[in-house]
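These are my notebook entries on one structure. I wrote down what I looked up, topic by topic.

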Amino acid sequence: MMRDPVSEPPTGPLARPLGESEPFLQVEALRGGYGGKPVLQDVGFSVGRGEIVAIIGRNGVGKSTLMRTLIGLMPADGGAIRLEGREIGALPADRRARLGFGYIPQGRDVFPRMSVRENLRVGETLCARGTGPDYDTVYDFFPILRERSQQRAGTLSGGQQQQLAIGRVMVGRPTLMLLDEPSEGIQPSIVRDIGRAIKRLNASQGLTVLFVEQNLDMIQSMAQRGYVMDKGRIVAELNVEELHDRERVRRYLSV
Amino acid sequence: MLQEIFAFLYQFGDAFAFLVLSAAGLAIIFGMMGIINLAHGEFIMCGAYVTVTTARLGLPLPLAILCGALAAGLAGILVERLIIHRLYHRPLDSIVATWGISLIVTQTVLILLGSTMPGIGTPLGSFSIGAFSYSEYRLVLMAVAVLLLIALYLLFNTTRFGLLSRATIQKPQMAQALGVKTSRVYSLTFGLGAALAGLAGGLYAPTMTLVPTMGVTFIVESFVTVVVGGADVFLGTAPAAAVLALIKAVMTGWQGQLFGQIGLLVTVIVVIRILPRGISGWFLKERT
């Protein structure tokens with residue numbers, strides 16, 4: 001699908017249209033799923049460096065499976081995942097994390113019996129690339145995490161847990177953030193905070209973001225480009241104008 | 001009166017030390033990895049044999065005990081890499097596999113080293129209070145048990161390894177997705193559990209007869225403690241050992257050793273009935 005550069009939204013300096021250089025993340029003919037039952041049939045898409053890309057689609061079309069396959073928690077049965085041209089589909093999840101993948105799963109998965117601070121310290125493992133942890137940015141974006149640093153993560157509200165899950169990844173200075181339904185079960189004000197924080201990270205640090213979402217507001221406020229997923233395949237690509245066509249996006253999201 | 005109180009406290013401390021030391025390794029492997037290690041007794045035996053061998057070669061006893069723990073720990077890492085590693089998603093198979101390891105090791109030691117090995121005497125002396133005489137070495141064992149609990153607490157709560165291993169036990173996939181080499185955490189944890197078993201073997205080696213099946217002496221007490229305690233070493237094993245030691249000391253003081261043992265087993269049955277996930281399961285449910 002051709003894109004009109006004029007319609008580029010006023011985002012960060014590092015956001016650039018597709019096709020200018022080699023894509024940062026390239027997924028080709030990816031297949032995978034739970035034990036023999038293929039959920040991902042044939043997934044192909046790409047994300048440029050510094051882009052914020054949404055994957056949208058109804059429940060059960062394989063969006064979360066795609067994210068879990070990208071981070072390496074589920075094996076790919078075929079196809080390729082390339083990071084800056086390098087095939088990484090055979091690497092275990094911990095290696096991908098140390099290449100800069102920051103994964104924030106659906107349901108957050110904070111470590112419930114550890115303090116907020118301890119959760120963040122686990123995230124330091126990500127930055128095995130000659131850099132130190134980045135607590136300043138985390139506390140700047142999510143001051144609640146500093147206030148609650150001694151509280152057990154399991155006792156935080158859903159929105160606070162989501163902020164912690166994002167902060168836990170940010171501590172390790174990721175280059176690619178994989179977000180699985182960041183708005184799910186979270187009150188709208190925190191959804192807006194999270195959206196703002198991610199856009200600021202994208203603008204200030206050139207963070208590349210790939211997120212799965214069903215919340216129309218979140219999609220429209222964050223995404224610079226989108227892909228529509230259905231029955232384990234990418235069936236359409238949407239530019240920013242098409243993403244702001246509420247009727248059109250609703251049609252892709254509704255049953 | 002004071003004499004009786006001391007005798008009771010000594011009994012209690014002795015039972016507590018034995019329960020904590022023999023169960024710590026089993027509890028860590030079960031609590032952190034969900035593996036029920038039926039070869040636990042053989043790691044204890046390994047620690048005892050290596051301790052006695054190195055002590056007879058002239059090494060001071062404390063160093064010999066450390067050698068025993070180290071040898072058992074290395075054996076544990078080897079077993080984890082070769083066998084347990086493949087069975088994380090098959091808990092029942094891991095029980096069978098560790099039982100098999102137990103049988104093979106026991107028989108191999110029997111064939112290679114014979115049915116018994118000359119031991120070393122209990123170090124230190126004894127002291128008397130009133131009509132009773134007590135072993136000083138047993139007091140050392142009580143101190144070691146308490147120090148061990150403190151050391152483990154510090155290991156899991158203040159070190160990076162402790163942080164990552166707690167993350168791994170709570171959410172293994174999430175930990176891995178954050179860059180934690182979970183397979184290494186599992187290897188080290190299993191090795192730590194085996195080393196603690198070896199430590200128990202080494203510490204008690206001077207007080208026991210060395211036979212290839214000596215692990216059995218520990219296995220009932222260690223399993224009882226872990227079952228009563230549940231999956232958490234600090235919230236489970238330590239209080240379970242205290243409760244069981246109290247029951248054992250009371251029953252033994254009242255009717256002798258046999259009733260002490262019966263008291264332990266009855267307690268387990270009652271606890272399983274009321275708290276299926278052990279003391280720590282109850283604690284954790286209350287807290288989250």
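**Entry 1: a strand in chain A.** I started with strand β3 (residues 52-56) of chain A and strand β9 (residues 225-230) of chain A, which pair in the parallel sense over four bridges. I take strands (E, at least two residues) and helices (H or I, at least four residues) as DSSP runs, numbered from the N terminus. Two strands pair if DSSP finds at least two bridges between them. Ile55(A) stands opposite Tyr227(A) in β9(A). I found a parallel pairing over four bridges between β3(A) and strand β8 (residues 208-212) of chain A as well. There, Ala54(A) has Phe211(A) in β8(A) as its bridge partner.

Before going on I noted what I was looking at. The model is predicted, so I kept local features only at pLDDT of at least 70 and side-chain atom pairs only at pLDDT 80 or more, while totals for chains, interfaces and linings use all residues. Residues are numbered from 1 along each chain as its sequence is written, and chains are lettered from A and ligands numbered from 1 in the order in which they are written.

Next I asked how β3(A) is covered on its faces. Ile52(A), Ala54(A) and Ile56(A) on one side are buried, and so are Val53(A) and Ile55(A) on the other. I call a residue buried if 20 or more other C-beta atoms lie within 10 Å of its own, exposed if 12 or fewer, and partly exposed in between, with C-beta atoms placed from the backbone. Five of the five residues of β3(A) are buried, so the strand is largely enclosed by the rest of the structure.

**Entry 2: the contact between the chains.** I counted 23 residues from chain A and 17 residues from chain B in the contact. Two residues are in contact if their C-beta atoms, placed from the backbone, lie within 7 Å. On the chain A side, α2 (93-98) and α3 (116-123) each supply at least two residues.

**Entry 3: helix α3 of chain A.** Six of the eight residues of α3(A) are buried, so this helix is largely enclosed by the rest of the structure. I listed the buried ones as Val116(A), Glu118(A), Asn119(A), Leu120(A), Val122(A) and Gly123(A). Their cover includes α4 (135-141), α5 (143-147) and α6 (158-170) of chain A, together with α6 (160-170) and α7 (172-177) of chain B.

**Entry 4: two positive phi values.** Most residues other than glycine have a negative phi. Asp109(A) is not a glycine, yet its phi is positive, about 50°. I found Asp109(A) in the loop between β6 (101-104) and α3 of chain A. Asp109(A) counts as buried because it has 20 C-beta neighbours inside 10 Å. Glu181(A) also has a positive phi, near 50°. It is in the loop between β7 (176-180) and α7 (188-205) of chain A, and it is buried, with 21 other C-beta atoms within 10 Å.

**Entry 5: an exposed residue in chain B.** Is Arg90(B) buried or exposed? It is exposed, because it has 11 other C-beta atoms within 10 Å. Arg90(B) is in the loop between α3 (61-82) and α4 (91-113) of chain B. Its C-alpha atom is separated by 50 Å from that of Glu4(B), 86 residues apart along the chain.
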